[in-house]
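Here is a short note for a colleague looking at this entry.

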Amino acid sequence: MREELRRPGYLPPMPRTWWLRTGPYRRFAAREFTSLFVLAFTIVLLLFLLALSRGRDAYESFLGWLDSAGAMALFAAILAAGLYHTITWLRLSGHVQVVRLGHRTAPRDAVTAAMVAVWLVVSGAVAYVHIWA
Amino acid sequence: MAGASKPRPARGEPLAWALFAAGGTVAALLLPVHAAILGIAYAAGWLPSDALSYERILDLVGHPIVKAYLGVLLVLPLFHWGHRFRFILHHQFGIHGARGVVAGLCYGIALAGTAIAIFILVRI
């Protein structure tokens with residue numbers, strides 16, 4: 001009764017799996033589900049840093065886990081979801097972020113291309129510091 | 001005080017969306033390279049032998065700028081997750097009531113993760 005009062009008008013009943021019905025719905029849901037892998041990455045990074053804070057033995061046993069097939073499978077899933085998030089997010093940024101150039105606006109594709117360039121440069125810089133510097 | 005019987009405007013909502021957007025951008029730009037290095041390249045043996053050695057990583061993470069960077073890398077994506085998971089619970093799991101409880105749970109976990117991240121980073 002309260003629901004009816006709060007939402008006047010006709011609300012068609014939706015099946016629970018409405019988001020599996022069509023391609024666009026599935027892609028929308030997939031983008032939301034990438035966040036679970038973002039959380040998984042955050043937890044693994046926290047465990048990595050926790051092991052580092054607990055000394056050499058804890059750190060080296062964490063490296064041993066990183067070498068396992070299970071960790072590699074988990075990271076492969078995190079990387080795949082992460083790349084899907086990156087691609088969809090950077091493509092979206094061209095729509096969200098309007099760049100004004102005097103009286104005109106930069107084309108969406110140019111904004112997205114600039115974001116992809118930033119992504120590649122930042123990734124290269126992180127890899128350099130993480131591995132070699 | 002004003003309009004106690006009307007639905008209250010959610011005052012935290014703009015902040016939640018701002019953290020979601022900031023975390024989404026941080027995750028988009030930084031997550032793949034970190035996942036590729038720690039999760040794939042190391043196990044595949046593509047890294048130089050001392051790249052992840054205890055001394056090297058302790059030295060690297062001990063630097064204040066790297067700690068601040070790791071703080072951003074951990075905390076903002078946590079709020080990105082919290083915001084999206086809140087809508088996963090509403091959209092995909094079909095929980096339509098208890099909006100306050102769902103929001104409190106999601107952002108509460110992100111806040112707890114923030115506290116854990118700061119605690120760990122300060123101790124290194």
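The points below concern a predicted model.

1. Chain A holds 5 helices and 2 strands. Read from the N terminus, its elements follow the order α-α-α-α-β-β-α.

2. The radius of gyration of chain A is 22 Å, whereas a compact globule of 133 residues would have one near 14 Å. Its C-alpha trace spans about 65 × 50 × 25 Å along the principal axes. Of the 133 residues in chain A, 23% count as buried. Where contacts in chain A link residues at least 6 apart in sequence, 39% of them join residues at least 24 apart.

3. Between the chains, 43 residues of chain A are in contact with 45 residues of chain B. On the chain B side, H1, H2 (54-61), H3 and H4 each supply at least two residues. H1(B) gives the most, with 17 residues. By class, this side of chain B has 35 nonpolar, 8 polar and 2 charged residues.

4. The largest nonpolar core has 51 residues, and the members that touch the most others are A:Val38, A:Phe41, A:Phe48, A:Ile78, B:Ala35 and B:Leu74. Two or more residues each come from H2 (23-53), H3 (56-66), H4 (69-96) and H5 (108-131) of chain A, and from H1 (13-44), H3 (64-91) and H4 (99-123) of chain B. The largest share, 13 residues, is that of H1(B).

5. Which residues does A:Ile78 contact, leaving aside its neighbours within four places in sequence? In chain A they are A:Phe37, A:Ala40 and A:Phe41, and in chain B they are B:Ala35 and B:Gly39.

Note on methods. Residues numbered from 1 in each chain as written. Chains lettered and ligands numbered in written order. Predicted model: local features only at pLDDT ≥ 70, side-chain atom pairs only at ≥ 80, totals over all residues. Core = buried A, V, L, I, M, F, W, Y, C linked by C-beta atoms within 7 Å. Buried ≥ 20, exposed ≤ 12 C-beta atoms within 10 Å, placed from the backbone. Helix = DSSP H or I, 4+ residues; strand = E, 2+ residues; numbered from the N terminus. Contact = placed C-beta atoms within 7 Å. Nonpolar A, V, L, I, M, F, W, Y, C, P; charged D, E, K, R; others polar. Rg over C-alpha atoms; globule rule 2.2 N^0.38 Å.
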